[in-house]
Amino acid sequence: MATVAKTERIKAFSATHDWESADYEPTLPVSEMSNPLTRNIDRAPASSIVKMLQACDAQMFQEKSGAAYERLLSDQVAKSLMEVAKRVQLILKNPQDSLIVLSGCGTSGRLAFFITSGFNRELRRLNHSAVCSYIIAGGDRALFSSQEAPEDDPISGALSLKKVSEGKKRVLFIGISCGLSAPFVAGQLDFCLQHPDVYTPVLVGFNPAHQARNEPIPGCTFTFHSVVTKMRELAKMQKAFLINPVLGPEAISGSSRMKGGSATKILLEVVFSAAHAANFSRTPITYNGILQHLRSYGKVLDITYSQTEGIAAMMEAAGRSLQCGRGLCYLSWGCLGLLGLIDASECKPTFGADYKDIQGFVGGGCKELGNKEGDLNLMGAESGIAHIDFLRNVLPCLTDKDTVLLLYSHSDDVDEVAKLARRVREKTSNMHAVYHQTDGDTAAQQGEINKLCSLTLNFIWPQATPASMGLQHMWELSTKLVLNAVSTGAHILKGKVYQNYMIDLQVTNSKLYCRAARLLQRLSGHPKSLCEEALLKAIYQVDKLTEDIMTCNLTTHTHTARKVKKVVPLALVCLLTGYSIKEAQSHLEQKPIVREAVEACLREQTLFSGSL
């Protein structure tokens, strides 16, 4: 089966190389390009959506031969991972006055927390002191809710790094920015470069270095590009490291929560697993070992997508729920719980979703997760993330129009899973499960849970795994792929995607503002100035821009945009039709699927013109 899957991946590669040509969207970095594989994903049925997502994910593991960029499996990437792993091992060997810090914004920051928590938990299990800390732009509130604006603050980034590493004599800093673009991370990297006696900076991202963001950062003398340039020079002496394989465009343009998030998890787990094995099992950190570990993650994709039909069925169920104004709930246990919370939190900025559209709940809530700031009151009294909060706030209102997805493995308390499943089944028959087990090892209660659920994706993993890769990491990546597919597909079916663009994204920071302006240019064919004008009109809900609006800075624009729904769809309809803001709003209310609204407007205009 693995051989067949690998052959299918190769076929996908050979058919989709055009994004690498110099004339394909030449003004865009790879992470912002549209993927030719998914050009009409908004019109595809669920089964086709899953196959498109599979082909896009497979691009991560394309061999470098004939490719224009460094890849996940490239020599330079493996060598850099090997060197960073050796520095992690040195800190494990002598942890006194040393620290490893992982930092990022949005998805990258959430994965920084996820990986830090797992590594520290394993160290404590071995009676070793925890050596990792995490930073996320916006603080712990950003772990499970959208906090996009802090991404633009490089000073806050530097100060947060200084604070967390106070008194340390040796700090390995790993900054994650998928597009090599976040000012928050740029500020931290610049701080490291100013204090080379203490800090060794590592940058993880997925654009070639020359595509790093080069726009001025307000109040700073550096850009992300200038920071990367300095790091490339230091990398020659192994005083800094740049890990930036190119993964190919995201399935939904710019949605780095998908391949970008998966590759971040893979790369950092390879580093920490290799260092852990070297320190505790005396297993040398080798080039071949790193490469073998990277390749093993490709098998996770094969096993996960072998259940395409089941993933599509879950996607359809979730899509129906969103289409009728109901929701999708993830009920999870153990480490898989955090993945459910992360996936749910990403839907608001990506698709303009309400936080109740997709919600995640995990066992004991924040107490179980061990984040720095403890319990979080994210949206008020009804926003808890523990199972008890689900029982109190969601279960009483649950109907068959809602979708519930259970996430667990045979190492979790399956009695508790069955108990909660019975209560959910009393309220809705629209319940599904994702269950991980090893070959030949299943829980006795699994048969009952299968009967309670409409569908169970039962992933069976081989007992024999590479020494450096635990089953836990396989389960986690597989679960992430399933959740990303289900939530993305559900929003596509709801009409939140235009072609393969996230048309209803929130314009809440400089990166998203620039992305929105580029998207309007691409879809309307109008010049940049006209598109920015339409974007501002949609943000401020006016048909004519005043001098006050025109002279406001970008921070004011993005702050105002947080309070407005459907900013980009409004601007697009106005650009294509010449309608006023109110007329465009009326058409979008009648046809919430953006492509249908635009096409209806254009047909209406054509008919009107023909009658003159």
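Where does Q211 lie? I began my notebook with that residue, keeping in mind that this is a predicted model.

**Entry 1: Q211**

I found Q211 in the loop that runs between strand 4 (199–204) and helix 8 (224–235). Is Q211 buried or exposed? I looked up its relative accessibility, which is 17%. Buried means under 20%, so Q211 counts as buried. Next I checked its contacts, setting aside neighbours within four places in sequence: Q211 touches L28, P29, V30 and Y69.

**Entry 2: the nonpolar cores**

Which residues touch the most other members of the largest nonpolar core? I noted I100, F272 and L294, in a core of 148 residues. I then followed I100 and again left out neighbours within four places in sequence. Its contacts are V88, I91, V131, C132, S133, L172, I174 and F272. I also came across a second, separate core, which has 31 residues, including L180, V198, F222 and V227.

**Entry 3: helix 18 and helix 19**

Two packed helices are described by the angle between their axes and the distance between the axes, so I looked up both. Helix 18 (residues 510–524) packs with helix 19 (residues 528–540) at an angle of about 120 degrees, and their axes are 9 Å apart. The two helices are therefore oblique to each other. I wrote down the crossing of helix 18 past helix 19 as right-handed.

Which residues meet here? From helix 18 I listed Y513, A516, A517, L520, Q521 and S524; from helix 19, K528, C531, E532, L535, L536 and I539. Sorted by type, the residues of this contact are eight nonpolar, two polar and two charged.

Terms used: Residues numbered from 1 in each chain as written. Predicted model: local features only at pLDDT ≥ 70, side-chain atom pairs only at ≥ 80, totals over all residues. Heavy atoms only, no water. Helix = DSSP H or I, 4+ residues; strand = E, 2+ residues; numbered from the N terminus. Buried < 20%, exposed > 50% of the residue type's maximum accessible area, 1.4 Å probe, protein only. Contact = heavy atoms within 4.5 Å. Core = buried A, V, L, I, M, F, W, Y, C linked by side-chain atoms within 4.5 Å. Axes fitted to C-alpha atoms, helices over the stretch in contact; angles between N-to-C directions. Parallel < 35°, antiparallel > 145°, perpendicular 65-115°, else oblique. Left-handed = near helix turned anticlockwise from the far one by under 90°. Nonpolar A, V, L, I, M, F, W, Y, C, P; charged D, E, K, R; others polar.
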